[in-house]
Amino acid sequence: MAELKDRLQTDLTAAMKARDDVRTRTLRSVLTAISTEEVSGQAARELRDEDVVRVITREAKKRREAADAFEEGGRTDQAAAERAENDVLADYLPRQLADDELRDLVAAVIAETGAEGPKAMGQVMKQVTPRVAGRAEGGRVAAEVKRQLTA
């Protein structure tokens, strides 16, 4: 079993004992998403830590988008609840790349591939995405690649 999944289950037990409703609700939700991912497809499988990080990243993105939507709709209480859940999930994700780290990584890939112009965006993204691996949101990476290729 993935170490990260074990940690999530252990932390869920601790959160339940501490009566931490936000953490309990969030961890139950993410563990359900992990279980769903494990049984999806042709055959059941056990997720590796990288796959668990991918699921947690997806769940965190859902929380951010929901918080923004609730904020726009004037539901600040619900937006705050979504942000609190996102904060819990952030504890289980790798450290996010700073802007300058992302800029340097993209510049290195562009130099390696010799990519030029916006048409090479797919080529650069194909190389950058595995190196970023959950440490930066895809939209942020794409924006930086586009910025550097059009500059």
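Predicted model: local features only at pLDDT ≥ 70, side-chain atom pairs only at ≥ 80, totals over all residues.
Local features need pLDDT of at least 70 and side-chain atom pairs pLDDT 80 or more, while totals for chains, interfaces and linings use all residues. Residues are numbered from 1 along each chain as its sequence is written, and side-chain values use heavy atoms, without hydrogens and water.

View 1. Helices (H or I, at least four residues) and strands (E, at least two) are DSSP runs, numbered from the N terminus. The element order is α-α-α-α-α-α-α. The C-alpha trace spans about 55 × 45 × 30 Å along its principal axes. Of the 151 residues, 33% are buried (under 20% relative accessible area; exposed is over 50%, partly exposed in between; 1.4 Å probe, protein chains only). Contacts are heavy atoms within 4.5 Å. Among contacts between residues at least 6 apart in sequence, 59% join residues at least 24 apart.

**View 2. R23 pairs with D91 in a salt bridge.** The term means a side-chain nitrogen of Lys or Arg within 4 Å of a carboxyl oxygen of Asp or Glu. Here the closest N and O atoms are 3.0 Å apart. R23 lies in helix α2 (residues 21-39) and D91 in the loop between α4 (76-90) and α5 (99-113), so the bridge ties together parts 68 residues apart in sequence. Both ends are partly exposed: R23 has a relative accessible area of 22%, and D91 has 42%.

**View 3. R58 and E37 form a salt bridge between their side chains.** The N to O distance is 3.2 Å. R58 sits in helix α3 (residues 49-72) and E37 in helix α2, so parts 21 residues apart in sequence are tied together. R58 is partly exposed at 35% relative accessibility. E37 is partly exposed too, at 23%.

**View 4. D99 meets R140 in a salt bridge.** The closest N and O atoms lie 3.1 Å apart. D99 belongs to helix α5 and R140 to helix α7 (residues 138-150). The pair links distant parts of the chain, 41 residues apart. D99 is exposed, with a relative accessible area of 55%. R140 is partly exposed, at 26% relative accessibility.

View 5. The structure holds 21 salt bridges.
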